[in-house]
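Visitor: I am new to this one, so please take me to a single residue and look at it closely. Then show me what lies around it and further out.

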Amino acid sequence: MSQTAKIRVRMAPSPTGYLHIGGARTALFNYLFARHHGGTFILRIEDTDRERSKKEHEEAILKDLKWLGIDWDEGPLKDGPFGPYYQSERLDLYAKHLKTLAQKGRTYLCYCTPQELAAEREDLLKRKKTPRYLGRCRTLTDEQKRKFENEGRTSVVRFKIEETKSIVFEDLVRGKVEVDPKNVGDFVIAKNDGMPLYNFASVVDDSEMKISHVIRGEEHISNTPRQLLLLNQLGLPAPQYVHVSIILAPDRSKLSKRHGATSLGEYEKMGYLPEALFNYLALLGWSPGDDKEVMTRTEMIQSFSIDRLIKSPGIFDVQKLTWMNGLYIRSKPIEEITQLAKPFMEKAGLLLQDKEDSWLQKIIENVRGNLERLDQMGQYAEIFFDEKFQMDEESTKFLLENKESAQKVLEVLKALLSKYTAPDTIDTSGFESLQKELKTKVDAKGKTLFWTQRAALTGKLKGPEMVLVYATLPISSCQKRIEKTLSILK
RNA sequence: GUCCCCUUCGUCUAGCCCGGUCCAGGACACCUCCCUUUCACGGAGAAAACACGGGUUCAAAUCCCGUAGGGGACACCA
């Protein structure tokens, strides 16, 4: 069996919020790494925080991952040999390992109140020391414990740090990382109700699930020494650690709501294509090493490698994402993009129910060159919908300024169009002969001629080429619009 | 504050490990031009960076030291 066959990675979100950009990218790197090596990608729900974990968040996370095109091999809705994949269903496992630690004398009950803890922290801060728990409850006697309990205090389980030698680990992207244990205080590993806390639960599960590489955000670097200590006491092997740089907002601070959309769901609503977001995110903090930027998923899987992960944090650049999205919108098969665009058109108030897909496709063909996001669909497509027909200011001004010639052009056009009965739109050759005839019958040329038609037929001075407009807009609509325009001109 | 991490165009990055091929390459954005009787798309081009200071060396973006700046962590959250 090859080495790479044993690769097992995981994405371990906690359902306390929606999947944000950073989380999605971490998932993506894990996914790419697993697929590149033919390994296993596991999804584990870290729902140990009973108060904040919500089923709706979990569902949203699952939905968003699927939307992005990240599928897992083991996890919720996909049972595997290492389940269950919800931490809340693995409590006996943590209890077992907790017992091991207790037997080794490495745990103790702590009765400190949040106020006491905060006071200690502040004091340390004031004295320019690393804030950490100093171990006040380490040597509590049974009598003292009883006293605290009688006072109504609750306890938590802390891990006792006894090691003095520096903790060293080799991070696959950062290299050697070294931490002095004296900067790490005894930390809480379980609540009084037996619910494990992150550092402890995570370590137990990674080990039980045979995770080979832990690929996670940089914010976890400082948790790693704690986890290593735990692992060591538990007699469990450590995985390879890979700390990926975080994603920053344009002002170099942590990406948050005030910088705009942070959840994947919001990007979907704005009309970003999952392929585009996937592609863009993969490039934020990773590069294939050549100049290739637009890549298919398969290409990314093929060229993905951990040693091409970038150490420095990256700024999320919506502009580049948007550019890439436009690229994907233009290159997607017309049938597909039409289906995707429909909801956005409906949302923009365009009436689709009696419209045929083939006609909708023509519209998309007309306007996709202008699109960067699907939610811009309405503003470009509306010119083809009679219910939205409206002369804008620019067009009105133009028509009024060229009133006489415009009237003439439209009268002649109206007459010419009445000769067309079937099919109900005008194709390229029809368009050419129509224009030729129009030109000979009226004394208008070039810009005036075209802009008059454009204004009358679309209500705007900007838009798709006229030949496409004629090929898409039914003649009956053209007639109606010409009438309406003429009435404005009177 | 303490600990840890990071530092190439405005932004994403290639190059750095294995010094010379780099007066630093690509992409987004910006600007100019071409295509186009409009808007886009597309094409061509311009401008734009090795944080700073020392050292090592014939030679440093690349190696070493220091400084500055930025970020992260410091929960009975993950």
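Visitor: Is Pro225 buried or exposed, and what is its relative accessible area?

Guide: Pro225 is buried, with a relative accessible area of 1%. Buried means under 20% relative accessible area, exposed means over 50%, and partly exposed is in between (1.4 Å probe, protein chains only).

A word on the ground rules. This is a predicted model: local features need pLDDT of at least 70, side-chain atom pairs count only at pLDDT 80 or more, and totals for chains, interfaces and linings use all residues. Residues are numbered from 1 along each chain as its sequence is written, chains are lettered from A and ligands numbered from 1 in the order in which they are written, and side-chain values use heavy atoms, with hydrogens and water left out.

Back to Pro225. This proline sits in helix H7, residues 224-234. Helices (H or I, at least four residues) and strands (E, at least two) are DSSP runs, numbered from the N terminus. Setting aside neighbours within four places in sequence, Pro225 is in contact with Ile167, Phe169 and Val179. Contact means heavy atoms within 4.5 Å. Leu473 is another matter: 248 residues from Pro225 in sequence and 67 Å away in space, C-alpha to C-alpha.

Two other buried residues can be read in the same way. His97 belongs to helix H3 (residues 91-103). His97 is buried, at 6% relative accessibility. Neighbours within four places aside, His97 is in contact with Phe200, Val204, Glu208, Leu234 and Leu236. Gln435 lies in helix H17 (residues 428-441). Gln435 is buried too, at 7%. With the same exclusion of sequence neighbours, Gln435 is in contact with Leu449, Phe450, Gln453 and Tyr470. The side chains of Gln435 and Gln453 make a polar contact of 2.8 Å. A polar contact is a pair of N or O atoms within 3.5 Å; within protein, one must be able to donate a hydrogen and the other to accept it, and residues adjacent in sequence count only if both atoms are side-chain atoms.

Next, the cores. A nonpolar core is a set of buried Ala, Val, Leu, Ile, Met, Phe, Trp, Tyr and Cys residues joined through side-chain atoms within 4.5 Å. The largest has 103 residues, and Met345 and Phe385 touch the most other members. Helix H1 (residues 21-37) gives this core its largest share, nine residues. Beyond residues up to four places away in sequence, Met345 touches Leu350, Leu352, Leu360, Ile363, Ile364, Met377, Ala381 and Phe385. Another core lies apart from it, with 30 residues, among them Tyr94, Phe169, Ala190 and Ile221.

Now the RNA. There are 64 residues around RNA strand B, and Thr130, Pro131, Glu293, Gly369 and Gly446 come nearest. Of the atoms of RNA strand B that come within 4 Å of the protein, 73% are sugar and phosphate. A residue is near a strand if one of its heavy atoms lies within 4 Å of it. In the side chain of Thr48, an N or O atom is 2.5 Å from a phosphate oxygen of RNA strand B. In the side chain of Asn223, an N or O atom is 3.1 Å from a base nitrogen of RNA strand B. Leu283 has a backbone N or O atom 3.2 Å from a sugar or linking oxygen of RNA strand B. Elements giving two or more residues to this surface include helix H4 (114-126), strand E4 (156-159) and helix H11 (318-331). By class, the surface near RNA strand B has 21 nonpolar, 17 polar and 26 charged residues. Here Ala, Val, Leu, Ile, Met, Phe, Trp, Tyr, Cys and Pro count as nonpolar, Asp, Glu, Lys and Arg as charged, and the others, Gly among them, as polar.

Last, the salt bridges. A salt bridge is a side-chain nitrogen of Lys or Arg within 4 Å of a carboxyl oxygen of Asp or Glu. The whole structure holds 38. Glu382 and Lys460 meet in one, 3.2 Å from N to O. Glu382 lies in the loop between helix H14 (377-381) and helix H15 (393-401), and Lys460 in the loop between helix H18 (446-458) and helix H19 (466-472), so the pair ties together parts 78 residues apart in sequence. Asp386 forms a salt bridge with Lys480, with the closest N and O atoms 3.3 Å apart. Asp386 is in the loop between H14 and H15 and Lys480 in helix H20 (residues 475-489), 94 residues apart.
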